[in-house]
Amino acid sequence: QVQLVESGGGLVQAGGSLRLSCAALGENFNNYAMGWFRQAPGKERAFVGAISWREGNTYYAESMKGRFTLSRDIAKNTGYLQMNSLKPEDTAVYYCAGGLFGRTAQMYERWGQGTQVTVSS
């Protein structure tokens with residue numbers, strides 16, 4: 001079974017950037033898409049974006065377009081979420097997930113442990 005391990009979270013000032021990584025261990029990720037979600041305190045988990053592993057097609061939540069970029073390194077079996085122009089409202093725990101290419105959490109069967117992103121004003 002594939003295990004997803006995230007890294008790259010932290011504290012950043014508003015307007016700054018962070019890049020999150022999600023390494024897929026134990027299995028080739030070619031049969032999956034990688035989705036990214038986030039959950040702010042007191043809120044439900046929200047879709048950020050998804051990338052199809054073979055083709056590299058991407059799909060973003062409307063509010064993330066233009067600031068967030070998904071990519072993947074097939075050789076490293078690792079996906080990336082580049083976040084620019086960060087805002088305090090981007091503060092959340094960010095999760096990567098493996099599953100079908102889509103925007104609902106139910107489409108994903110494997111989840112990372114989450115990484116905290118905090119944006120200070």
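Is Trp111 buried, partly exposed or exposed? I looked up its relative accessible area, which is 28%, so I noted Trp111 as partly exposed (buried is under 20%, exposed is over 50%, and partly exposed is in between, with a 1.4 Å probe and protein chains only).

**Ground rules.** I am working with a predicted model, in which local features need pLDDT of at least 70 and side-chain atom pairs count only at pLDDT 80 or more, while totals for chains, interfaces and linings use all residues. I number residues from 1 along each chain as its sequence is written, and side-chain values use heavy atoms, with hydrogens and water left out.

**Entry on the sheet.** I found an open sheet of four strands in the order S1-S3-S8-S7, with antiparallel pairing; strands are DSSP runs of E with at least two residues, numbered from the N terminus, and two of them pair if DSSP finds at least two bridges between them. At the edges I noted strand S1 (3-7) and strand S7 (68-73), each of which pairs on one side only. Between strand S3 (residues 18-25) and strand S8 (residues 78-83), which run antiparallel, I noted six bridges, and I saw that Ala23 stands opposite Thr78 in S8.

**Entry on the rings.** I noted nine aromatic pairs in the structure; rings of Phe, Tyr and Trp (its six-membered ring) pair if their centres lie within 6.5 Å, and planes under 30 degrees apart count as stacked, over 60 as edge-to-face and the rest as tilted. Phe29 and Trp53 have ring centres 4.8 Å apart and planes at 75 degrees, so I recorded this pair as edge-to-face. Because Phe29 lies in the loop between S3 and strand S4 (33-39) and Trp53 in the loop between strand S5 (46-52) and strand S6 (58-60), the pair ties together parts that are 24 residues apart in sequence. Both Phe29 and Trp53 are buried.

I then turned to Phe37 and Trp111, which form a tilted aromatic pair at 5.1 Å centre to centre, with 50 degrees between the planes. Phe37 lies in strand S4 and Trp111 in strand S10 (residues 108-111), so this pair ties together parts that are 74 residues apart in sequence. Phe37 counts as buried, at 1% relative accessibility.

**Entry on the cluster.** Which residues do ring pairs link into a cluster? I listed Phe37, Phe47, Tyr59, Tyr95, Phe101, Tyr108 and Trp111. I also noted Arg45 over the face of Tyr95, at 3.9 Å from the ring centre, and over the face of Trp111, at 4.8 Å from the ring centre (a charge sits over a ring if NZ of Lys or CZ of Arg is within 6 Å of the ring centre and within 35 degrees of the ring normal).
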